[in-house]
Amino acid sequence: MTSLSNAGICTKAFKTRTCCQAHERRHNASKAFTCAICSARFPDKGGLSKHVRTIHAPTRLFHCTICGKQGARMDNMRSHLKSHARDVSIDNPTDYIKETSSQDYNQFA
């Protein structure tokens with residue numbers, strides 16, 4: 001991955017200058033879209049939609065079989081597994097991340 005600068009705003013790396021510029025706009029844009037549930041603000045409708053879908057109304061729920069951490073996004077759960085790298089060899093993340101029914105979601109807290 002090429003590390004492209006975004007004027008020192010954050011340290012995130014990007015493959016292309018276009019992706020870097022799109023991300024930079026998220027830092028600089030006015031946050032005109034507000035969540036009706038928690039008042040969090042976002043620079044675009046897509047950010048608000050993703051927030052509502054994953055925070056307030058998740059349709060898919062996952063839990064870590066090692067520690068019980070739960071989340072609505074598989075990509076975040078895969079990143080979470082890195083915190084267990086010292087304790088467990090994580091060759092196949094799906095061995096440790098299981099989808100949970102919404103009825104059982106709070107059981108893994």
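The legends below describe close-up views of a predicted model.

**View 1. Overall fold of the predicted model.**
The protein has 3 helices and 5 strands. Along the sequence they follow the pattern α-β-β-α-β-β-α-β. Of the 109 residues, 25% count as buried. Among contacts with a separation of 6 or more, 23% join residues 24 or more positions apart.

**View 2. Confidence along the chain.**
Mean pLDDT for the protein is 80, and 84% of its residues reach 70 or more. Among the elements, strand β1 (residues 33–34) has the highest mean, 92. Helix α1 (residues 17–28) has the lowest mean, 81. Over residues 105–109, pLDDT stays under 50. The model still has 12 contacts beyond four places in sequence for residues 105–109. Where pLDDT is low, predicted coordinates should not be read in detail.

**View 3. The open sheet β4-β3-β5.**
Three strands form this open sheet, in the order β4-β3-β5. The pairing is antiparallel. Strands β4 and β5 are the edges, since each pairs on one side only. Between β3 and β5 there are 4 bridges, in the antiparallel sense. H63 stands opposite Q70 of β4.

Strand β3 runs on into a hairpin with β4, with 5 residues between the two strands. G68 sits in the turn and has a positive phi of about 90°.

**View 4. I66 in the loop between β3 and β4.**
I66 is found in the loop between β3 and β4. Is I66 buried, partly exposed or exposed? The relative accessible area of I66 is 32%, so I66 is partly exposed. Leaving aside neighbours within four places in sequence, I66 is in contact with L81, H84, V88, I90 and Y96. I66 and I97 are 31 residues apart in sequence. Their C-alpha atoms are 8.6 Å apart in space.

**View 5. H84 between α3 and β5.**
H84 lies in the loop between α3 (74–81) and β5 (97–100). Why does H84 count as buried? Its relative accessible area is 9%, which is under the 20% cut-off, so H84 is buried. Not counting residues up to four places away in sequence, H84 touches C64, I66 and C67. Another, I66, is in the loop between β3 and β4.

**View 6. F42 in strand β2.**
F42 is found in strand β2 (residues 41–42). Relative accessibility here is 14%, so F42 counts as buried. Which residues are in contact with F42, leaving aside its neighbours within four places in sequence? They are S30, K31, A32, F33, G47, L48 and H51. F42 and R26 are 16 residues apart in sequence. C-alpha to C-alpha, F42 and R26 are 8.3 Å apart in space.

**View 7. S39 in the loop between β1 and β2.**
S39 lies in the loop between β1 and β2. Phi of S39 is near 70°. That is a positive value in a residue other than glycine.

**View 8. The largest pocket.**
Rolling a probe the size of a water molecule over the atoms shows where empty space is left. The largest pocket has a volume of about 170 Å³. Which residues line the largest pocket? The lining consists of K12, F14, C19, A22, H23, R26 and H27. How do these lining residues divide into nonpolar, polar and charged? There are 3 nonpolar, 2 polar and 2 charged residues.

Key:
Residues numbered from 1 in each chain as written. Predicted model: local features only at pLDDT ≥ 70, side-chain atom pairs only at ≥ 80, totals over all residues. Heavy atoms only, no water. 1 Å grid on protein atoms, 1.4 Å probe; cavity = no way out; pocket = protein on both sides within 12 Å on 5 of 7 lines; lining within 4 Å. Points joined across faces, edges and corners; volume = space filled by probe spheres on them. Nonpolar A, V, L, I, M, F, W, Y, C, P; charged D, E, K, R; others polar. Buried < 20%, exposed > 50% of the residue type's maximum accessible area, 1.4 Å probe, protein only. Contact = heavy atoms within 4.5 Å. pLDDT = per-residue confidence, 0-100. Pairing = 2+ DSSP bridges.
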